[in-house]
Amino acid sequence: MLDQFHLLIHNFIKNIVDVKDDSNYGYRAIVVLLGMGEDSWSLVRNHLLKELVKWSNEYVNLFVGIDRFKELKRSLLVDGLSMVCNLCFF
């Protein structure tokens with residue numbers, strides 16, 4: 001797999017993770033690199049959602065509006081694990 005990357009950056013690559021190719025592959029790569037099972041990807045999304053809700057006012061200001069905040073929040077929802085959204089007022 002290393003040959004997929006330019007030769008100049010080979011020395012900077014420490015690990016390559018080949019995960020299932022679906023819409024959650026970024027989250028899958030994170031959990032594998034953290035030493036968790038690939039199927040634990042939903043935990044990362046759930047923790048990101050909790051962080052977003054906890055600091056919602058700051059994120060609304062950062063995204064310059066509520067619409068982008070709501071869009072990001074919806075993108076992190078995972079069926080069956082999104083009860084934290086009931087705490088969100090947005």
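A: Let's start with a pair of helices: helix 1 and helix 2 are roughly perpendicular to each other, because their axes cross at roughly 100° and angles from 65 to 115 degrees count as roughly perpendicular (under 35 is roughly parallel, over 145 roughly antiparallel, the rest oblique). One caution: this is a predicted model, where local features need pLDDT of at least 70 and side-chain atom pairs count only at pLDDT 80 or more, while totals for chains, interfaces and linings use all residues. Residues are numbered from 1 along each chain as its sequence is written, and side-chain values use heavy atoms, leaving out hydrogens and water.

Q: What describes two packed helices?
A: Two packed helices are described by the angle between their axes and the distance between the axes. Axes are lines fitted to C-alpha atoms, for helices over the stretch in contact, and angles run from 0 to 180 degrees between N-to-C directions. Here the axes of helix 1 and helix 2 come within 7 Å. The contact (heavy atoms within 4.5 Å) is made by Y27, R28, I30 and V31 of helix 1 and W41, V44, R45 and L48 of helix 2.

Q: How many helices and strands does the protein chain have?
A: Helices (H or I, at least four residues) and strands (E, at least two) are DSSP runs, numbered from the N terminus. This protein chain has four helices and zero strands, so to speak an α-α-α-α run from the N terminus on.

Q: At what angle do helix 2 and helix 4 pack?
A: Helix 2 (residues 41-54) and helix 4 (residues 66-76) pack at about 155°, with their axes 9 Å apart. That makes the two roughly antiparallel. On the helix 2 side the contact is made by R45, L48, L49 and L52, and on the helix 4 side by F69, L72, K73, S75 and L76.

Q: Is N24 buried or exposed?
A: Buried means under 20% relative accessible area, exposed over 50%, and partly exposed in between (1.4 Å probe, protein chains only). N24 has 8%, so it is buried. You'll find N24 in the segment before helix 1 (25-33). Leaving aside residues up to four places away in sequence, N24 touches W41 and R45. For the whole protein chain, 28% of the 90 residues count as buried.

Q: Which rings make up the aromatic pair?
A: Rings of Phe, Tyr and Trp (its six-membered ring) pair if their centres lie within 6.5 Å; planes under 30 degrees apart count as stacked, over 60 as edge-to-face and the rest as tilted. A search of the whole structure finds one such pair. The rings are those of Y59 and F63, with centres 5.9 Å apart and planes at 25°, so the pair is stacked. Y59 is partly exposed at 23% relative accessible area, and F63 is partly exposed at 25%.

Q: Where is F63, and what does it touch?
A: F63 is in the loop between helix 3 (56-62) and helix 4. Not counting residues up to four places away in sequence, F63 touches L52, R68, F69 and L72. A charge sits over a ring if NZ of Lys or CZ of Arg is within 6 Å of the ring centre and within 35 degrees of the ring normal. The charged end of R68 sits over the ring of F63, 5.9 Å from its centre.

Q: What is the phi of V64?
A: V64 has a positive phi of about 55°, although it is not a glycine. V64 is also in the loop between helix 3 and helix 4, and it is exposed, with a relative accessible area of 72%.
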